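Thanks for asking me to look this over. Here are my notes as numbered points, with the conventions spelled out as they come up.

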Amino acid sequence: MSEVDLSVSIGNLKLKNPVLLASGTVGYGNEISEFTDLSRLGGIVTKSLSLKPRQGNPPQRIVETASGMLNAIGLANIGVEAFIKEKIPFLKGLNAILICNIAASSVEEYVECVKILNGEELIQAFEINVSCPNVKEGGLEFGNDLRAVADITGRVRESTDKPVIIKLSPNVSRISQFAQAVKDNGGDAVSAINTLVGTAFDINTRRPKIKNITGGLSGPAIKPVALAKVFEIKREVEIPIIGIGGISDWKDAAEFMIAGASAVQIGTVNFINPNAGIEIIDGLKTFCSQNSIINISDLTGSYQI
Amino acid sequence: MIENSIVESLETLNNTTFLLKTHSPSIASSASPGQFCNIKVTDSGFPLLRRPFSICDIEGESVFYLFDIHGQGTMILSGKKRGDRLEILGPLGKGFSTEGDYDTSVIVAGGVGCAPFPFLIRKFDKNKKMLCYLGGRSKEQLVKYGLSNLHIATDDGSVGFHGTVIDLLKSEADYLEGRRIRIYGCGPNPMLKALQTFADESGIDCQISVESVMACGFGICQGCPIEASGGERYLLVCKDGPVFHSKEVRL
């Protein structure tokens with residue numbers, strides 16, 4: 001078996017393999033590092049950071065649903081200043097590729113966060129969250145608004161030389177239009193998809209199972225939707241795609257790459273198996289070897305229709 | 001930290017409560033009382049998430065868990081047989097602290113809330129006195145596993161004191177007077193709330209083990225917040241708890 005080249009490029013961002021841990025499923029790396037070797041991954045995407053710390057939503061924040069879970073964490077995070085002071089030193093020691101996810105309630109706040117973090121050498125790229133379904137201001141308001149996504153992409157682009165990735169919402173009718181807006185305004189890549197808006201009720205109390213009433217659906221339940229969105233973008237827009245949505249094993253990851261993803265992020269599975277990322281990398285490598293694929297990047301968009 | 005464990009036995013303690021024993025040498029050697037494990041009850045994708053259970057007791061290389069059937073996860077777990085495999089993540093969380101200046105340990109347990117205490121009792125200083133206050137809905141639903149020096153309360157009065165376990169505790173306040181007491185509590189939220197108030201009013205040092213829905217169990221999903229006493233801040237049950245000082249959290 002020949003050696004497989006697992007490295008991939010997302011614009012200027014070079015990753016040693018295509019497996020990233022998704023924002024909101026890895027915290028700031030410290031807890032999960034006890035269970036897995038983060039330096040072996042393509043990279044990790046931090047929990048969304050906002051300018052000021054956010055306490056997040058009151059409980060209950062999560063509920064399991066068929067093949068998935070709903071969450072309404074509400075962007076609980078320590079804020080950019082504390083991140084730089086308290087988390088960056090630890091992350092330096094991990095030797096992991098770091099992508100910072102940013103959430104904000106105004107265009108100015110996105111820009112300010114990026115400017116504050118831009119000087120940190122450890123941060124390899126920014127992922128801009130314009131699609132959180134669980135906060136009142138910002139979030140989906142932006143994610144559903146083509147002009148807002150275009151504006152945010154352009155303004156963030158002007159504020160940094162680092163790769164800019166925009167995380168798109170699936171809660172729109174044509175996701176490819178949003179990917180086009182990202183491309184037209186200088187974004188380097190898109191992450192697709194964020195969670196789908198969902199809810200669940202207790203039939204006895206007739207009350208919603210999560211306090212926020214609606215939450216974001218993730219897990220295997222959303223994989224077919226996510227694949228269709230990735231595929232739609234791939235066919236319509238020439239922009240690197242990071243595929244996300246219900247990936248549980250290497251076969252799911254390969255499927256996303258075939259549908260058009262240059263890299264993937266894994267999320268909910270980290271809650272169940274914190275070492276899943278490494279297992280997926282190993283599985284992809286074996287798959288490539290067995291199928292005489294020398295560069296894993298050749299898988300991207302290799303669908304046969 | 002994920003240990004492939006073999007089920008050694010599963011017994012029924014009463015109609016609704018089960019005692020699971022697994023062979024888990026690494027968890028057994030590293031756990032401390034009050035910690036929990038996050039158990040994958042099937043190899044399949046259903047249910048998707050693990051289920052958190054207090055470590056009930058440890059004997060040699062075996063770990064015990066006590067549970068009631070609440071939903072599909074515990075239903076599946078209740079059907080396990082000797083020799084079945086379980087993938088167990090743990091030990092997790094912050095357990096009880098037995099340090100401090102006191103001469104009497106008082107355990108206050110409601111229903112299956114007695115789960116973490118057999119292991120804790122093993123670690124108690126034998127020179128200190130220990131009392132167990134146990135509450136349940138009825139005689140049939142009391143779970144006495146691993147407890148001793150029992151003071152019992154039932155909601156229906158079918159055995160022991162007729163009322164809640166906290167009412168029983170209050171009624172015996174004279175009996176407790178003059179001792180330097182440390183309370184360890186675990187049970188349903190209303191019981192823990194009443195216990196918090198009792199401990200606060202009588203100035204007794206008290207630790208409580210709380211329950212929460214969880215996904216990961218180690219701090220990354222942020223799905224198990226509990227309000228800190230000062231307000232405007234959440235702690236995580238999985239990482240900052242599940243055992244808290246009673247003054248630390250607002251239930």
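**Notes on the model**

1. The contact draws 26 residues from chain A and 20 residues from chain B, where two residues are in contact if their C-beta atoms, placed from the backbone, lie within 7 Å. On the side of chain A that touches chain B, strand S5 (62–65), strand S6 (68–71) and helix H8 (268–272) are the elements giving two or more residues. Helices (H or I, at least four residues) and strands (E, at least two) are DSSP runs, numbered from the N terminus. By class, this side of chain A has twelve nonpolar, ten polar and four charged residues; Ala, Val, Leu, Ile, Met, Phe, Trp, Tyr, Cys and Pro count as nonpolar, Asp, Glu, Lys and Arg as charged, and the others, Gly among them, as polar.

2. A word on conventions: this is a predicted model, in which local features need pLDDT of at least 70 and side-chain atom pairs count only at pLDDT 80 or more, while totals for chains, interfaces and linings use all residues. Residues are numbered from 1 along each chain as its sequence is written, and chains are lettered from A and ligands numbered from 1 in the order in which they are written.

3. A:Ser67 sits in the loop between S5 and S6 of chain A. Not counting residues up to four places away in sequence, A:Ser67 touches A:Gly219, A:Pro220, A:Ala221, B:Gly45 and B:Leu48. A:Ser67 counts as partly exposed because it has 18 C-beta neighbours inside 10 Å; 20 or more would be buried and 12 or fewer exposed, with C-beta atoms placed from the backbone. The C-alpha atoms of A:Ser67 and A:Ser248 are 11 Å apart, although 181 residues separate the two along the chain.

4. In chain A, eight strands close into a barrel with parallel pairing, in the order S3-S4-S7-S8-S9-S10-S13-S14; strands pair if DSSP finds at least two bridges between them. From one strand to the next, the twist averages 25°, with angles running from 0 to 180 degrees between N-to-C directions and axes fitted as lines to C-alpha atoms, for helices over the stretch in contact.

5. S9(A) is worth a look in your viewer. Strand S8 (residues 123–129) of chain A runs parallel to strand S9 (residues 164–167) of chain A and is joined to it by four bridges. H4(A) packs on the sheet, touching S8 and S9 of chain A, and its direction makes about 155° with that of S9(A). On the other pairing, S9(A) meets strand S10 (residues 189–192) of chain A in the parallel sense over three bridges. A:Ile166 is the bridge partner of A:Ile128, and A:Val190 in S10(A) is the bridge partner of A:Ile166. In a regular strand the side chains alternate between the two faces of the sheet. Here A:Val164 and A:Ile166 point one way from S9(A), A:Ile165 and A:Lys167 point the other way, and all are buried.

6. Helix H2 (residues 107–118) and helix H4 (residues 146–159) of chain A have axes that come within 9 Å and cross at roughly 25°.

7. For helix H6 (residues 223–236) and helix H7 (residues 250–259) of chain A, the axes come within 8 Å and cross at roughly 25°. This contact has five nonpolar, no polar and four charged residues.
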